[in-house]
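Morning, everyone. I have one structure to walk through, and I'll keep it brief. Here it is.

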Amino acid sequence: MNASRVRLLTCMVIPLLTACGPAPSEAMPMTYTCCEALDVDKPYQPGQTLTVDWTVESPEEPAGTPPQVELAALLTGPFATVGDLKAATEGGAPTVPGLVTFAAAPFRPSGMPDERPVSTIVIGPDAKPGYYNLVTSVVGDGNTTSGASIIRVVPMP
């Protein structure tokens, strides 16, 4: 191949290759996940506050606009056993009589790189001991991402 053809191919291929990557205005948004192990791997008592520390993953290059998401957390129970909780929640929202739900106020993060979002759920003082389903969700841009953890509420001493 002669040099003029190589230059011509290079001029045609390089712009196509750069067009395949994300444009600067399409930087990946921040992502939010829940929870830190310290939040869920301990027993709680009625009247205590469950703190949900959200983990923030920032993109390498910040997006031009702050995230338009809402962080939510719900705690539903009690269930007698972990098996009962899993069986009741397999088809979506549990329909077991006698369940109560405690909710955190929705949180809208600002998108600042050093932000550490926290949701708090006050477990009612009359909450019955048992296993509770902690459902966390990130809602934004018409999408919802959810996760679940099991929280144990123990009787007051």
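Start with confidence. Helix α1, residues 3-20, has the lowest in the chain, with a mean of 41. Strand β5 has the highest, at 96. This is a predicted model, and those numbers are pLDDT values. Across residues 2-27 the pLDDT stays below 50. Beyond near neighbours in sequence, that stretch makes 6 contacts in the model. Where pLDDT is low, the predicted coordinates should not be read in detail. For the chain, the average is 79, and 74% of the residues score at least 70.

Now the strands. β4 and β7 pair in the antiparallel sense, over 9 bridges. Within that pairing, L71 stands opposite V138 of β7. β7 also pairs with β8, again antiparallel, over 11 bridges. There, G140 has N143 in β8 as its bridge partner. The hairpin of β7 and β8 has 2 residues between the strands. D141 in this hairpin takes a positive phi, near 55°. Look at β4 too: P78 lies in that strand. The peptide bond joining G77 and P78 is cis, with omega about 0°. For background, most residues other than glycine have a negative phi, and most peptide bonds are trans.

Next, what is covered? β7 mostly is: 8 of its 11 residues are buried. N133 sits in β7. Is N133 buried or exposed? N133 has a relative accessible area of 8%. The cut-off for buried is under 20%, so N133 counts as buried. What does N133 touch, leaving aside neighbours within four places in sequence? The contacts are L74, L75, T76, L85, T89, A148 and S149.

Two of those contacts, L85 and T89, bring us to helix α3, residues 82-89. In α3, L85, A88 and T89 are buried. Seen down the helix axis, the buried residues fall within an arc of 85°, so they line one face of α3. The general rule is that an α-helix has 3.6 residues a turn, so residues three or four places apart point the same way. And what does that buried set pack against? β4 (69-79), β7 and β8 (143-153).

On to the nonpolar core. The largest one has 23 residues. Those with the most contacts inside this core are Y32, L50, L75, I121, I123, L134 and I151. β2, β4, β7 and β8 each supply at least two residues. β4 gives the most, with 4. Take I121 from that list. Leaving aside neighbours within four places in sequence, I121 is in contact with Q48, T49, L50, A73, L74, L75, F102, A103, A104 and L134.

How many aromatic pairs does the structure hold? It holds 1. The rings of F102 and Y132 have centres 6.5 Å apart and planes at 35°, so this pair is tilted. Planes under 30 degrees apart would count as stacked. F102 is in β5, residues 100-103, and Y132 is in β7, residues 130-140. The pair therefore ties together parts that are 30 residues apart in sequence. Both F102 and Y132 are buried.

β7 pairs with β4 and with β8. The buried residues of α3 pack against β7, among others. And β7 holds N133 and Y132. Questions, please.

How values were computed. Residues numbered from 1 in each chain as written. Predicted model: local features only at pLDDT ≥ 70, side-chain atom pairs only at ≥ 80, totals over all residues. Heavy atoms only, no water. Phe/Tyr/Trp six-rings, centres within 6.5 Å; stacked < 30°, edge-to-face > 60°. Buried < 20%, exposed > 50% of the residue type's maximum accessible area, 1.4 Å probe, protein only. Contact = heavy atoms within 4.5 Å. Arc of directions from axis to C-beta. Core = buried A, V, L, I, M, F, W, Y, C linked by side-chain atoms within 4.5 Å. Pairing = 2+ DSSP bridges. pLDDT = per-residue confidence, 0-100.
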